[in-house]
Amino acid sequence: MSGPDLVLILRYRKAVTYGFHTLLAALEEHVTGTRYEVVFAESAQATIEAITTRRGRKLVLWSFYSPDAAALAEELATIKEQAPGAVHVAGGVHATAEPVQTLDAGWDVAAVGEGSGRSSTSSTAAVTRPGSPASSTATSTGSSRARARRTRSRSAPTGRFPSRTSG
Ligand code: B12
């Protein structure tokens with residue numbers, strides 16, 4: 001018997017789990033012909049191992065809030081360097097609020113909005129679609145239809161801009 005078409009690797013951190021659990025529930029209800037496996041990777045090393053040892057297309061799912069975004073972007077860079085070939089999808093509060101910043105920080109897809117069955121569909125489509133993965137895009141999963149593109153420029157620190165309330 002051959003392996004799955006798609007490996008969904010959850011970069012699973014105990015601090016932020018509710019979004020993933022909701023997403024998995026939606027995925028369970030989602031009817032698809034794609035054979036997929038779900039892996040809970042509880043560290044960067046476990047994520048690297050999951051990418052390098054599993055066969056099939058790999059989608060790494062991330063869920064985080066803004067305070068963890070910078071540290072996780074560094075972790076993402078390490079994972080991409082040591083285990084290339086996976087598509088990294090960021091969802092949750094930060095990706096929703098700052099999709100362009102999320103793409104600029106290195107994620108391939110920023111999923112904006114609710115993790116409904118529709119976002120599971122678009123996450124799956126990102127790797128099952130022939131050709132290049134949905135890189136450098138923000139996928140709208142809620143009512144918002146925003147589309148964003150990576151700018152590849154880092155945001156300037158907010159402190160460099162004059163305050164509108166001063167003077
Ligand atoms: C529950 C909660 C927590 C719990 C989380 C428990 C857990 N195990 O998940 C606890 C108490 C641990 C927590 C901690 C913190 N929290 Co809190 N928390 C919340 C709260 C009340 C609800 C979030 C939630 O779970 N919603 C339900 C889930 C299902 O929704 P969701 O996470 O948004 O996920 C949905 C979508 O975003 C999407 N999605 C999510 N992940 C993914 C991934 C992929 C791949 C895809 C496709 C989609 C997707 O699908 C999901 C279903 O629709 C919100 C406030 C609010 N009302 O939203 C604050 C909130 C998220 N927290 C916040 C903050 C600041 C913190 C702390 C920094 C507080 C602190 N000073 O310590 C810490 C940070 C912890 C950390 N390391 O990240 C801020 C975040 C602001 C920001 N810009 O990021 C919020 C918005 C509160 C606020 N208004 O300030 N928090």
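**Layout**

I counted six helices and six strands in the chain; helices here are DSSP runs of H or I with at least four residues, strands are E runs of at least two, and both are numbered from the N terminus. Reading along the sequence, I get β-α-β-α-β-α-β-α-α-β-α-β. This is a predicted model, so I note the limits: local features need pLDDT of at least 70, side-chain atom pairs count only at pLDDT 80 or more, and totals for chains, interfaces and linings use all residues. My numbering starts from 1 along each chain as its sequence is written.

**Confidence**

I looked up pLDDT next (the predictor's confidence in each residue, from 0 to 100). The chain averages 79, with 68% of its residues at 70 or more. Two stretches stay under 50. Residues 140-146 are one of them, and the model still gives them 20 contacts beyond four places in sequence. Residues 153-167 are under 50 too, with three such contacts. For me a contact means two C-beta atoms, placed from the backbone, within 7 Å.

**Chain totals**

Of the contacts between residues at least 6 apart in sequence, 76% join residues at least 24 apart. I find 37% of the 167 residues buried. Buried means 20 or more other C-beta atoms within 10 Å of the residue's own, exposed means 12 or fewer, and partly exposed is in between, with C-beta atoms placed from the backbone.

**Core**

What touches the most other members of the largest nonpolar core? Among its 31 residues, I list Ile9, Leu59, Leu61, Trp62, Val89, Trp107 and Ala110. At least two core residues each come from β1 (6-11), α1 (18-29), α2 (44-53), β3 (57-63), α3 (69-82), β4 (87-91) and β5 (109-112). β1 supplies the largest share, five residues. By nonpolar core I mean a set of buried Ala, Val, Leu, Ile, Met, Phe, Trp, Tyr and Cys residues joined through C-beta atoms within 7 Å.

I then checked Ile9. Neighbours within four places in sequence aside, Ile9 contacts Val39, Ala41, Thr47, Ala50, Ile51, Lys58, Leu59, Val60 and Leu61.

Seven of the seven residues of β3 are buried. Arg57, Leu59, Leu61 and Ser63 point one way, Lys58, Val60 and Trp62 the other, and all are buried.

I looked at pairing, which takes at least two DSSP bridges between two strands. β1 and β3 are parallel over five bridges, and Leu8 sits opposite Leu59 of β3. β3 and β4 also run parallel, joined by five bridges. Leu61 has Val89 in β4 as its bridge partner.

**α2**

Thr47, Ala50 and Ile51 are the buried residues of α2. Down the helix axis they fall within an arc of 95°, so they line one face of α2; the arc is that of the directions from the helix axis to the C-beta atoms. Their cover includes β1, β2 (36-41), β3 and α3.

**α3**

α3 has 14 residues and spans 20 Å from first C-alpha to last, close to the 20 Å expected at 1.5 Å a residue; the expected span is 1.5 Å times one less than the number of residues. Which residues of α3 are buried? They are Ala69, Leu72, Leu76 and Ile79. These fall within an arc of 75° seen down the axis, so they line one face of α3. I see them pack against α2, β3, β4 and α4 (93-97). On the other side of α3, I note Ala70, Ala71, Glu74, Ala77 and Glu81 as exposed.
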